[in-house]
Amino acid sequence: MNSKSLIKAREYELQEEAKVNVNDRAAFHLTPRVGWMNDPNGFSYYKGKYHLFYQYYPYDTSWGPMHWGHACTEDFIKWEYLPAALAPDQEYDDFGCWSGSAVELADGTHALMYTGVVEDPQTKEFTQTQCLAVGDGIDYIKLENNPVIDGSLLPEGGSRADFRDPRIWYDKDDQLYYLVVGNRTEDGSGAILLFQSPDVKQWEYVTTLDRSDNKYGKMWECPDFFSLDDTQVLLVSPQEMRAQKLEFHNGNNSICLLGSYNKKKHKFERERVQSVDQGLDFYAPQTVETPDGRRILIGWMQSWESSRNQPHDNKFFGTMSIPRELSIKDGRLLQKPVKELEKYRDNRVSYQGVTFKEPMQLDGINGRILDMDICLQMPEATTNDVVTIAFAKDHENETIIQYFPHSGLLRFDRNNCGFDCDILNVRDVETTPYKLKLRILLDRYSSEIFLNEGERVLSNTFYTPIQATDITFHATSEAYMDITKWDLML
């Protein structure tokens with residue numbers, strides 16, 4: 001039986017959803033049914049559909065006691081809202097049902113593994129534990145013996161206050177369930193712990209897979225752990241990161257640790273580290289493996305800072321990234337939009353060998369819901385040369401991409417996108433000199449920019465008036481471009 005808290009949330013979201021203007025939503029990205037959305041949770045394949053849950057506070061467009069919102073899709077593009085799955089209604093989660101994951105159990109049921117949070121009323125200190133709810137894809141019942149993992153199972157020095165975001169999976173070879181979870185260690189920085197269980201109810205600590213040692217930020221949140229193209233991948237989202245050249249920026253990052261994994265000894269050997277997304281709005285990614293063997297990633301395409309600039313009259317806030325297919329090439333994680341997006345392309349417009357210098361617009365190259373491929377070249381660029389692409393543009397607003405061909409630097413700049421609050425609006429990344437391939441997805445109030453077949457990605461939001469649809473190009477010296485644009489029709 002569903003609790004009063006969950007019933008209340010379900011009734012509220014159903015009632016308030018009817019008041020949302022569909023044109024305020026992204027066209028092909030998931031937004032919350034109502035209220036607030038942050039981290040993706042429980043990204044999983046179950047009963048022929050992909051289920052995605054998310055951190056959710058239905059009653060306001062600001063963060064509050066965490067629930068789990070719920071949606072599903074068959075193609076990663078069109079989403080169907082389902083009733084809220086979890087609400088904070090037990091002693092062990094009365095401060096919120098925080099981030100976690102999902103797995104199909106041997107009996108065919110669907111298990112949600114999440115972090116329950118309790119605040120001590122006297123000391124105001126938090127305790128975080130790992131809890132389980134089991135259901136049928138719609139309704140979930142929390143286990144009577146929750147929490148299934150508490151602070152008593154932590155290794156020496158592990159924090160009970162920063163112990164969260166379990167990522168669960170089943171290993172058919174071992175016939176065991178495993179999970180990775182973030183924890184703060186005795187040095188104040190983050191680590192990823194590995195646990196195992198024969199039945200998802202009785203767990204034991206196995207090892208610490210990797211730790212920050214204060215090199216890659218502090219607390220490591222939202223881990224994921226999987227094999228991809230003969231490489232072992234550990235995704236983490238560090239807090240309080242310090243910038244390292246242009247690869248990592250200050251604040252909250254999402255990073256990818258690439259290496260090898262000895263499964264018998266449960267030993268992960270880190271070999272390389274890179275950013276997952278170098279835009280201004282991306283955090284807490286989670287992946288799912290499809291029946292055809294693809295590894296698909298989705299992340300929260302927002303930031304805590306950009307939430308200050310949300311539209312004042314919206315009844316929802318938050319957006320997920322486009323789901324992305326992952327691969328490894330030359331020791332680097334690559335991302336590209338899921339292939340399913342291409343079936344929604346229409347109204348193709350293409351130009352080959354365009355030469356330009358003065359500010360220019362091209363017939364048919366405009367819009368705010370589109371998929372666009374661009375190949376830029378400036379083979380004789382000097383140190384002062386720059387190519388500028390402006391989109392979501394009108395007489396007053398624009399968001400721009402600047403490419404400096406001589407150095408291979410790319411700059412994203414949303415300073416004139418219409419934000420009310422002064423937050424970080426510019427991000428630089430390193431890419432290839434003299435020639436650059438871009439794939440740009442626009443979806444009303446967001447852009448995702450994929451560089452050189454997904455070697456780097458920048459995800460960003462902006463709230464320029466929707467009537468601003470112009471796209472312009474100009475360069476300081478003669479530049480060359482091939483461009484193809486499709487409208488996305490949903």
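A: Ala, Val, Leu, Ile, Met, Phe, Trp, Tyr, Cys and Pro count as nonpolar, Asp, Glu, Lys and Arg as charged, and the others, Gly among them, as polar. With that, the lining of the largest cavity divides into six nonpolar, four polar and two charged residues. Bear in mind that this is a predicted model.

Q: Which residues line the largest cavity?

A: The lining consists of Asp39, Pro40, Asn41, Ser99, Gly100, Asp165, Pro166, Cys222, Pro223, Ala284, Pro285 and Gln286.

Q: What lines the second largest cavity?

A: Gln274, Ser275, Val276, Asp277, Gln278, Arg332, Gln335, Glu455, Arg456 and Val457. Two or more residues of this lining come from each of strand S16 (267–275), strand S21 (332–337) and strand S30 (456–461).

Q: How does that lining split by class?

A: Two residues are nonpolar, four are polar and four are charged.

Q: Which domains does the second largest cavity draw its lining from?

A: Domain 1 (4–337) and domain 2 (345–488) each give at least three residues to it.

Q: Staying with the domains, how far apart are the C-alpha centres of domain 1 and domain 2?

A: They lie 31 Å apart.

Q: What area is buried between domain 1 and domain 2?

A: About 2,900 Å², with carbon and sulfur atoms giving 53% of that.

Q: How much helix and strand is in residues 29–337?

A: That span is 0% helix and 52% strand, and its end C-alpha atoms lie 12 Å apart. For residues 340–483 the figures are 0% helix and 53% strand, with the end C-alpha atoms 21 Å apart.

Q: Which elements give two or more residues to the lining of the largest pocket?

A: Strand S1 (35–46), strand S5 (97–104), strand S9 (163–171), strand S10 (176–184), strand S13 (220–228) and strand S17 (283–289).

Q: Which of them gives the largest share?

A: S9, with five residues.

Q: And the classes in the lining of the largest pocket?

A: There are 17 nonpolar, five polar and nine charged residues.

Q: Back to S9 for a moment. What is the phi of aspartate 165?

A: Positive, at about 70°, although aspartate 165 is not a glycine. This residue sits in strand S9, and it also belongs to the lining of the largest cavity.

Q: Last topic, the backbone elsewhere. Is the peptide bond from asparagine 146 to proline 147 cis or trans?

A: Cis, with omega near -5°.

Q: Where is proline 147?

A: Proline 147 lies in the loop between strand S8 (140–142) and S9.

Key: Residues are numbered from 1 along each chain as its sequence is written. This is a predicted model: local features need pLDDT of at least 70, side-chain atom pairs count only at pLDDT 80 or more; totals for chains, interfaces and linings use all residues. Side-chain values use heavy atoms; hydrogens and water are left out. Helices (H or I, at least four residues) and strands (E, at least two) are DSSP runs, numbered from the N terminus. Domain bounds come from an automatic or database domain assignment. Buried area is the accessible area (1.4 Å probe) that two parts lose on being put together, summed over both. On a 1 Å grid over the protein atoms alone, a cavity is a set of points where a 1.4 Å probe fits but cannot get out, and a pocket is an open set with protein on both sides within 12 Å along at least five of seven lines; lining residues have an atom within 4 Å of a point.
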